[in-house]
Amino acid sequence: MQITTVGLDLAKSVFQVHAVDVSGDVVVRKTLRRSQVLPFFTRVPPCLIGIEACGTSHHWARELTKLGHEVRIMPPAYVKPYVKRSKNDAVDAEAICEAVTRPTMRFVAMKSTGQQAALSVHRVRDLLVKQRTQLVNMIRGLLAEFGIDIPVGLERALGLARQIAVSEVEPEVPAVAKQILDLLCAQVLDTHVRLQAIDRAIIALQRTDEVARRLSTIPGIGPVGATALAASVADPGQFRSGREFAAWLGLTPSQNSSGGKDRLGRITKMGDRYLRKLLVIGATSLVRRAKYKPEAADPYLLALLARKPARVASVAMANKMARVVWAVMARGEVYQARHAPSLAA
């Protein structure tokens, strides 16, 4: 029988295949080892293959596309409703095969190796920022135990760490604690140097990426946010509007509506947490700047701050920024301040 649709459940070593023909009858239901996946699909005529979005999904999508197949990646949350009772690999593959044919299913655009390489820089940077924060907090806590207080601010903590590392400052702590303090100071300074190197790499990436350069024209979005958005959003055309893009990032209110009554709650926080964090941080910088220089701030933001708390205004501004990001990416333009959209005839 001719295979038309395949559900492929990905894993590290063991893969499950569920294939059906044009009438929906099961043709193949088998388990493959990792080394058997590509030879198997080489023998299969070009067909539709559905897979769940996961750590290796984009790699396998690229490999299977090279063989002539049409590969569609789906969010696992959208495949879950098609899973029958007693979850296992075979049931998951069957659910993937069923979900990929649904006309209303939403898919994830396949990323290129360049986009994934750029995202790897961001993932490492995010990890090192967390480690640097942990080390600084550990140094603060250790010195506080002996009555030594470090002023607020990252640069002040790093400055003290440099002085301790070169023995310019000798804290009055026991010898054992001094050994641990030297170790922490050396590690936090090394982490900071590595972060600076990654930041320089991101700036260089932003200069060479045309989409990232256009995104950098948006207020509140710098090289980090621009390159992360450019690498994460492979195809802005998959979103019909800026609001749909903001909803994909989890920046729109959650709904619990029924009986014609609209009940809106907090933002859903669905989607990519890293991108949402960057947008909220960028919006927070705009809020802070608006308090000191209101004459140069966006009138929309000033009106928002007049009736809402600063944190609520930051999230609302992040929502607006997400819509602007989609418009810039989808239309191939740069940001235009005070842009007035033309009314449809």
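**Entry 1: Asp126**

I started with Asp126, and once I skip its neighbours within four places in sequence, Asp126 is in contact with Tyr274 and Lys277. Contact here means heavy atoms within 4.5 Å. I'm working on a predicted model, where local features need pLDDT of at least 70 and side-chain atom pairs count only at pLDDT 80 or more, while totals for chains, interfaces and linings use all residues. Residues are numbered from 1 along each chain as its sequence is written, and side-chain values use heavy atoms, with hydrogens and water left out.

Is Asp126 buried or exposed? It counts as buried because its relative accessibility is 18%. The cut-offs I used: buried is under 20% relative accessible area, exposed is over 50%, and partly exposed is in between (1.4 Å probe, protein chains only). Asp126 sits in helix α5, residues 113–144. Helices (H or I, at least four residues) and strands (E, at least two) are DSSP runs, numbered from the N terminus.

**Entry 2: the sheet**

Next I looked up the strand order. I found an open, mixed sheet of 5 strands, ordered β3-β2-β1-β4-β5. Two strands pair if DSSP finds at least two bridges between them. The edges are β3 (26–33) and β5 (70–74), each pairing on one side only. On average, neighbouring strands here are turned by 20° against each other, direction ignored. For angles, axes are lines fitted to C-alpha atoms (for helices, over the stretch in contact), and values run from 0 to 180 degrees between N-to-C directions.

I then went strand by strand. β2 (residues 14–20) runs antiparallel to β3, joined by 7 bridges, and His18 stands opposite Arg29 in β3. β1 and β4 are parallel, with 3 bridges; Thr5 has Leu48 in β4 as its bridge partner. β4 and β5 are parallel too, over 5 bridges, and there Ile51 faces Ile73 in β5.

Why is β4 largely enclosed by the rest of the structure? Because 4 of its 5 residues are buried.

**Entry 3: helices on the sheet**

I checked what lies on the strands. Helix α1 (residues 34–43) lies across β1 (5–9), β2, β3 and β4 (48–52), at about 145° to β3. Helix α4 (residues 89–99) also packs on the sheet: it touches β1, β2, β4 and β5, and its direction makes about 140° with that of β1.

**Entry 4: the two pockets**

A pocket, on a 1 Å grid over the protein atoms alone, is an open set of points where a 1.4 Å probe fits, with protein on both sides within 12 Å along at least five of seven lines; lining residues have an atom within 4 Å of a point. Grid points are joined across faces, edges and corners, and a volume is the space filled by probe spheres set on the points.

The largest pocket holds about 1,000 Å³ of space. Of its 31 lining residues, Pro75, Val108, Trp248, Gly271 and Asp272 are the closest to the centre. I noted that α2 (57–66), α3 (76–79), α5 and α10 (242–248) each supply at least two lining residues.

The second largest pocket comes to about 860 Å³. It has 31 lining residues, and nearest its centre are Asp298, Lys320, Val324, Tyr335 and Gln336. Which element gives the largest share of this lining? α13 does, with 9 residues.
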